[in-house]
Amino acid sequence: MQVYGLVGNPVGHSLSPPMHEAAYEHTGLDARYVTFEPEPSAIEAAVDGADALGIAGLNVTIPFKQDVLDLVDPDPLAARIGAVNTIDFEDGDPKGYNTDAAGVTRAFERHDISLDGANAVVVGAGGAGRAAAFALADAGAAVHIANRTAETAGELADVVPGATGGGLDTLDRIQDASVLVNATSVGMEAPDETPVPATHLHGDLAVLDAVYAPLETRLLREAADAGAVTIDGAWMLLLQGVEAFELWTGLDAPIEEMNTTLRTRLERH
Ligand code: NAP
């Protein structure tokens with residue numbers, strides 16, 4: 001039996017175990033997915049221990065995504081983003097990947113949204129914002145990053161190819177964009193809050209909200225009212241997990257089964 005898992009603190013409400021176990025069940029893999037919650041000071045021992053115990057792969061979440069970068073051999077994209085959310089322990093030294101980036105691009109692909117040559121605005125410059133900005137730029141989009149702390153957006157724009165950055169006063173750039181990503185936590189558990197004034201939204205936009213609780217955020221509601229294509233945060237969550245499953249197993253992930261399991265659990269939340 002192969003063991004995969006999630007390391008973070010806290011991990012109690014994670015939806016990754018049922019999502020990955022749905023994939024094992026459907027593909028007939030003899031595998032389990034378990035959660036680990038080490039003390040923050042014990043992350044290095046946890047990664048070494050997982051390797052020594054023969055754990056096949058780990059997802060990594062808050063607060064460890066940056067720490068793990070120094071504990072594994074990161075692939076070039078994870079190194080540029082500065083965060084690892086997936087470790088593969090098979091075949092020698094542990095390798096680190098960032099599948100949040102693929103979660104963003106695959107979410108737009110699934111909705112037939114072209115990124116190559118698009119003008120994209122990413123709101124937020126934390127972990128999700130960094131992954132989204134690199135992912136969109138690598139897919140050929142011209143990226144503008146708008147963040148509450150303008151300095152952080154500027155620092156990120158300096159390292160993302162072709163990107164620009166500014167404060168939330170630059171959100172009017174959305175008017176010339178066809179792609180918008182909310183990578184802030186605004187709207188999470190607070191359905192009446194949005195990071196983007198509705199006046200900036202329009203019908204030529206595709207809007208991905210990284211927030212998945214609630215599934216229908218105020219931003220997505222107002223984007224739909226403006227005629228935009230809306231993509232909820234469960235797509236990003238699903239497709240980062242799909243990418244990790246495929247990296248670990250070399251198999252095509254059973255996306256529909258994983259999606260059904262994830263959405264059933266999210267709706268119960
Ligand atoms: P993070 O690193 O803490 O970054 C938070 C970002 O939100 C920062 O840019 C911060 O701006 C901004 N922000 C926070 N409060 C704000 C407010 N009141 N007004 C405007 N901006 C505000 O967090 P993260 O890991 O990037 O996660 C961000 C969100 O994405 C969370 O809701 C998380 O659940 C979600 N997420 C979803 C997925 C998925 O698979 N769907 C994956 C990763 C993350 P400052 O720089 O000014 O503080």
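**View A. Asp 112 is exposed, with a relative accessible area of 73%.** Here, buried means under 20% relative accessible area, exposed means over 50%, and partly exposed is anything in between, with a 1.4 Å probe and protein chains only as cover. Everything shown comes from a predicted model, in which local features need pLDDT of at least 70 and side-chain atom pairs count only at pLDDT 80 or more, while totals for chains, interfaces and linings use all residues. Residues are numbered from 1 along each chain as its sequence is written, and side-chain values use heavy atoms, with hydrogens and water left out. Asp 112 is in the loop between helix H4 (99-110) and strand E7 (119-123). Helices (H or I, at least four residues) and strands (E, at least two) are DSSP runs, numbered from the N terminus. Although Asp 112 is not a glycine, its phi is positive, at about 60°.

**View B. Asp 91 also has a positive phi without being a glycine, here about 65°.** This residue sits in the loop between E5 and strand E6 (95-97). Asp 91 counts as exposed because its relative accessibility is 70%. As background for this view and the next, most residues other than glycine have a negative phi, and most peptide bonds are trans.

**View C. Cis peptide bonds join Asn 9 to Pro 10 and Ile 62 to Pro 63.** For the bond between Asn 9 and Pro 10, omega is about 10°. Pro 10 belongs to the loop between strand E1 (2-7) and helix H1 (16-27). For the bond between Ile 62 and Pro 63, omega is likewise about 10°. Pro 63 is placed in the loop between strand E3 (57-60) and strand E4 (73-74).

**View D. Residues 6-87 carry the UniProt annotation "domain: Shikimate dehydrogenase substrate binding N-terminal", from an unreviewed entry.** UniProt positions are given in the numbering used here, feature names are shortened, and annotations may be inferred rather than shown by experiment. Over residues 6-87, the chain is 35% helix and 20% strand. The end C-alpha atoms of that stretch are 10 Å apart.

**View E. Thr 86 lies in strand E5 (residues 86-88).** Is Thr 86 buried or exposed? Thr 86 counts as buried because its relative accessibility is 0%. The side chain of Thr 86 makes a polar contact with the side chain of Asn 59, at 3.2 Å. A polar contact is a pair of N or O atoms within 3.5 Å; within protein, one must be able to donate a hydrogen and the other to accept it, and residues adjacent in sequence count only if both atoms are side-chain atoms.

**View F. Which residues come nearest to the ligand?** Of the 19 residues around the ligand, these are Ala 125, Ala 128, Asn 147, Arg 148 and Thr 149. On the backbone side, an N or O atom of Ala 125 lies 2.9 Å from a ligand oxygen atom, and a backbone N or O atom of Gly 127 lies 3.0 Å from an oxygen atom of the ligand. In the side chain of Thr 149, an N or O atom is 2.5 Å from an oxygen atom of the ligand. Taken alone, the ligand exposes 930 Å², and the protein buries 73% of that. Such areas come from the Shrake-Rupley method with a 1.4 Å probe; for residues, only the protein chains shown count as cover. Helix H5 (127-138) and helix H8 (233-249) are the elements that give two or more residues to the shell around the ligand. H8 supplies the largest share, three residues. By type, the shell divides into ten nonpolar, eight polar and one charged. Ala, Val, Leu, Ile, Met, Phe, Trp, Tyr, Cys and Pro count as nonpolar, Asp, Glu, Lys and Arg as charged, and the others, Gly among them, as polar.

**View G. Tyr 4, Tyr 24, Phe 245 and Trp 248 form one aromatic cluster.** The structure holds three aromatic pairs. Rings of Phe, Tyr and Trp (its six-membered ring) pair if their centres lie within 6.5 Å; planes under 30 degrees apart count as stacked, over 60 as edge-to-face and the rest as tilted.

**View H. Arg 265 lies in helix H9 (residues 255-268).** Arg 265 counts as partly exposed because its relative accessibility is 35%. Arg 265 and Leu 15 are 250 residues apart along the chain, yet their C-alpha atoms are separated by 7.3 Å.

How values were computed. Near = heavy atom within 4 Å.
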